[in-house]
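Let's take a walk through this structure together, one region after another. Have the sequence and the 3D view open as you read.

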Amino acid sequence: MNISLNWLSTHLDLSDKSIDGISDLFTFAGVEVEGITSRGIASEKIVVARIIEAIQHPNADRLKVTQVDCGESELRQIVCGAQNYKVGDKVPCALPGAVLPGGFTIGETVMRKVESKGMLCAAEEIGLPKGEDGLLILPEDSPIGAPVKTLFDSDVLLELEVTPNRPDLLSHSGMARELATLLKTPLISRPPFKPDTIPSDTIRIESPDSCPYYTATFIADIEVRESPAWLKERLTSIGLRSINNIVDVTNYVLHEIGQPLHAFDAAKVTGALVVRQAKEGEAFKALDGSIHILTSDDLLISDESGAALALAGIMGGLDSGVTESTTSILLESAYFTPANIRRTARRTALSSDSSYRFERGVDPVAVVQAAALAIHLIIDGKCSEPGIQSAGVLPEPPLPVFLDLEKLHRLLGNSISTPAAEDILTRLGLEKLPAGSWRIPTFRADLQRHIDLVEEITRIHGLANVPSRLQATFAPTSEIDAAYDADMILRRRLAALGLYECQTIKLIADSQLADILPLRLLQDGDLIRVKSPLSEDHSIMRPSIVPGLVSSAGRNVRQQINSIRLFEMGRVFRNAGGGKALDQESDALAILVTGNTNSSSWAAKDRTADLYDLKGILSALLPNQTVTLKPKERENVALSAEIKAGDQTIGVFARMLPKRERDLDFPNPVFLAELDLGKLRKLISSPTQTADLPQFPGSSRDAAMEIPADTNNCRIEEALGNASEPLLVSYECFDLFIDPSGRKIAADRKSIAYRFNYRAQDRTLKTAEIDEAHERILELLGKIPGLTFR
């Protein structure tokens, strides 16, 4: 939300307050200051100058060489490209050293071989609103040499982030009320608007639950014209464009009081105004020209003919809007139920300043006050002000809240006295009642409990004024602590391996189900669908983390990232047993690897990542475990396997289908893994096994084997893992050969070579012992069907 400091100053005296001090006050009071922008001329070195001479530049057709009087002892030569001035005009001149908006510093320079000692400026170049093309022509009575900033008003724009529970701050009067409380400064008194309302039978509320109270005022004999200068200045100061006097008044009241208004062209309204639910499938054409198909949950303002005039609280209709030919209007001011406005705004993707406020809840009392202020500004004393017609009943005011002083002092460590606390509540607009209760103003419906009052007192009193005390007791390590520690170990290891952590939303789209890699295959009914999703992209609680990683990797690929290594830890969701049991939540770790293994460098040869890179990551993640991949077919993937740590299955591995890779624009194979985070935590937390360095030398033997091409390497590793040979300390595969042509080895066979390392802990092995142990290993491997030794 944008707040103008000049506008704010019409509500309270800020003459002795610095902008930095005001920003700090807002920040410590819970209102985030996202930006501070100065409007107007900031530099003292932009001065009034009279153009004494202007001749054609000798080396440029569109430039002139001017001599200007800046109030100095001699004239200043400046090259200028503008065409809208004449000799004798007074214009802004930026002297060397002047800093223009955007941080551009003026200096002396040479332009086409002609010296230029400054710059003659247009309005927007010195921080003023854009005027005519060319230089800003100043009034004739402007004193030569005077800073131009003294001729124009300056302002400061505060960009504030207001939390959803504080709709009372979404206006200049509300923000002034808050600032007055923080500064202990009185508000500037204004004549109150307390108009009477007239019950009307020309307003019919058919949906009182969605619209409890509605007012409309008929104003005749109006002229739609340009707004007065003060009104345009107010709107321009907060970044709004002036449209006409009627629309500008409604926008002004919105940002002044916080109550949205809307003006209908009365000539386009037939009969009474009707506040009703839309018909299923009814079409509505909004002011921005967009057409929306409504449902019976949407609230409409229509006339007796049934024509839709406005989508209540969100946006007016194009056919009933105010135009230059409008001569009479119906001015709407109403209270709409926040939940209904929020639902319709989300579904239709229509958003406006009005819906932003109605979604959070407006002050019911301000409904009539805002209408009265708008009427006063539109009529502008030209005739008597018409009566405000109303229908319905305003919502009940908030219930009184009891303040428990004993709890207050205990929570704040007796850092504030009771009178001081009560003074804060009084300044906030609350009224003290008997027996310790407080009447809550209608604009602070968020204050509902004792602790809400304590929070307000603490906010204004200042947390820095509350003494800190150490009263914590020892708490033993819990399972949650252990899980957190294990997760951090995994994160650090993955980061050290060159992977980047992702955090994706826990909701996915139907189209992303093609990428899921759940630890257990899904049955019909296992998916958990969101009943009322905000969008189609967020309609399913994710049963797997992989879709989010795939989506993130796709965005990186589109940014020309060639090497992608991602991981994410998070929660996955599913029904159990096809939806026959309660919903289940579990923690998982997902990893994605694709692209080059090395960054582009003359010193390293590029290689595309494969499944062994992912397996290497898994092995490094669990250094005390033997990680293997056991093939197990799955649908919708090109290659899949179970991930085992020893005998325990801890996750699933897969390579994405090439067609799916092409659909998502991946230029290289995509390898994925999803692991059970609960099992990983136990493996990480288990005691680390260490062994003494060997004291005796070992020896190795190689073995070359031929096996059927469809026999997986894990079959050999399983056999070796089951071997009970005490002298075998390690083994590794170091060669694989396949010849599809069948010339060197049969096409349905492959050659694979292993190296076996032998060692004893208590002695140096003799050659015979090593040979005997090696023969036992070969005999064990020979039992694998189709395996022969070369």
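Which hand does the crossing of α17 and α18 have? The crossing of α17 and α18 is right-handed; a crossing is called right-handed if the near helix is turned clockwise from the far one by less than a right angle, and left-handed if anticlockwise. Before going further, please note that this is a predicted model, in which local features need pLDDT of at least 70 and side-chain atom pairs count only at pLDDT 80 or more, while totals for chains, interfaces and linings use all residues. Residues are numbered from 1 along each chain as its sequence is written, and side-chain values use heavy atoms, with hydrogens and water left out.

Let's stay with that helix pair. Helix α17 covers residues 713-721 and helix α18 covers residues 767-781. Helices here are DSSP runs of H or I with at least four residues, strands are runs of E with at least two, and both are numbered from the N terminus. The axes of α17 and α18 lie 10 Å apart and the helices pack at an angle of about 130°; axes are lines fitted to C-alpha atoms, for helices over the stretch in contact, and angles run from 0 to 180 degrees between N-to-C directions. That angle makes α17 oblique to α18 (under 35 degrees counts as roughly parallel, over 145 as roughly antiparallel, 65 to 115 as roughly perpendicular and the rest as oblique). On the α17 side I716, A719 and L720 take part, and they meet I777, L780 and L781 of α18. Contact means heavy atoms within 4.5 Å.

Helix α5 (residues 245-257) packs on helix α8 (residues 366-379) at an angle of about 140°, with 10 Å between the axes. That makes α5 oblique to α8. From α5 the contact uses I246, V249, Y252, V253, E256 and I257, and from α8 it uses A366, Q369, A370, L373, A374, L377 and I378. The crossing of α5 past α8 is right-handed.

Now to the chain as a whole. Its domain assignment lists domain 1 (7-34 + 160-183), domain 2 (46-151), domain 3 (197-392), domain 4 (401-464), domain 5 (480-683) and domain 6 (699-789); such bounds come from an automatic or database domain assignment. Taken over C-alpha atoms, the centres of domain 1 and domain 5 are 47 Å apart.

Two single residues come next. A334 sits in strand β23 (residues 329-335). With a relative accessible area of 1%, A334 is buried; buried means under 20% relative accessible area, exposed over 50%, and partly exposed in between, using a 1.4 Å probe and protein chains only. Setting aside neighbours within four places in sequence, A334 touches Y213, Y214, Q259, F358 and V367. E108, by comparison, is 226 residues from A334 in sequence and 60 Å from it in space, C-alpha to C-alpha. S354, in helix α7 (residues 353-360), also counts as buried, at 17% relative accessibility. Again leaving aside neighbours within four places in sequence, S354 is in contact with P260, G313 and I314.

Let's turn to the strands. Strands of a sheet pair through backbone hydrogen bonds, either parallel or antiparallel. Two strands count as paired if DSSP finds at least two bridges between them. β11 joins strand β6 (residues 90-94) over 2 antiparallel bridges, and M119 in β11 is the bridge partner of A94.

Our last stop is strand β35 (residues 637-645), where 7 of the 9 residues are buried. β35 pairs with strand β34 (residues 627-631) in the antiparallel sense over 5 bridges, and L629 has I643 of β35 as its bridge partner. The hairpin of β34 and β35 has 5 residues between the strands, and N636 there takes a positive phi near 70°. β35 is also joined to strand β36 (residues 648-656) by 8 bridges, running antiparallel, with A645 opposite Q648 of β36. In this second hairpin 2 residues lie between the strands, and G646 in the turn has a positive phi of about 70°.
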